[in-house]
Amino acid sequence: MKVTILGSGTSCGVPQIGCTCAVCTSTNPKDKRLRCSALVEVDGKRILIDCGPDFRQQMMSIDFKPLDAVLVTHEHYDHVGGIDDLRPYSVFGDVNIYAEKFCADHLMERIPYCFTPKDKRYPGVPALNLIEIEPHVPIDIDGVEVMPLRVMHGQLPIVGFRIKNFAYITDMKTIPEEEYEYLKGVEVMIVNGLRHKEHPTHQTIEEAIAFAERLGVREIYLIHMSHHIRPHAVEQAELPEWVHLGYDGVTFKV
């Protein structure tokens, strides 16, 4: 399995508009963070996790091949704002988008033209299928099993995803106790760590590390960082060896 972090930043991205802090003015490319997304390539399938407003920019450097599935964690704009930009992938056939009912309903309200039935599509609209999912009900993507699981984004229920011994969790603040069972055996995880200071709806870096330690995972890649952390090189130097500060474009194998 090959995983590419397409975006590692929080909802405003980094640099943040108008900010002149040390992170926002850094010349290190690893301090330039687009909105969160990842591409998982497993058993010949390509699975996109979240499709934010930077999707077009993120995919310009990625081989143009079919997407076998798009998994959506939740309906916030920084995770779904690029769905219209999936239209070039329609040349390969309909793109299947998997989302919880609450999220799917919001997408239908905001961009209904993206989900027009095949017999009513007008020229130029994306060819997308919106498929509802539920936590703990496996998704079969042409033989690749994906397990959705419940995490809490403050008071908002959202989903994380497990694929074999890899898990992707973003925007989490807490996780119900019963969900740990669905993460047993995960060895590598992408997980959100917003900053060091407490936040009401996101984990801090310290909380993310403690969560991973409880699971006993071998490695984690932190994402959804804001400009309130220190520059990438400084932060990475002080993290445990098994904790990686994710950055845009980094790839790893699981």
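What share of the 254 residues in the protein chain is buried? Buried residues (under 20% relative accessible area with a 1.4 Å probe, protein chains only) make up 55% of the 254 residues. This is a predicted model, in which local features need pLDDT of at least 70 and side-chain atom pairs count only at pLDDT 80 or more, while totals for chains, interfaces and linings use all residues. Residues are numbered from 1 along each chain as its sequence is written, and side-chain values use heavy atoms, with hydrogens and water left out.

**Overall fold**

- The protein chain holds five helices and 14 strands, taken as DSSP runs (H or I of at least four residues for helices, E of at least two for strands) and numbered from the N terminus.
- Its radius of gyration over C-alpha atoms is 17 Å, close to the 18 Å that the globule rule (2.2 Å times the number of residues to the power 0.38) gives for 254 residues, so the chain is as compact as a globular protein of that length.

**Strand 9 and its neighbours**

- Strand 9 (residues 156–163) is largely enclosed by the rest of the structure, because seven of its eight residues are buried.
- Strand 8 (residues 144–153) runs antiparallel to strand 9 and is joined to it by seven bridges, where pairing requires at least two DSSP bridges; histidine 153 has leucine 156 of strand 9 as its bridge partner.
- Two residues lie between strand 8 and strand 9 in their hairpin, where glycine 154 takes a positive phi near 70 degrees.
- Strand 10 (residues 166–169) is antiparallel to strand 9, with three bridges between them, and phenylalanine 161 has tyrosine 168 of strand 10 as its bridge partner.

How values were computed
Buried < 20%, exposed > 50% of the residue type's maximum accessible area, 1.4 Å probe, protein only.
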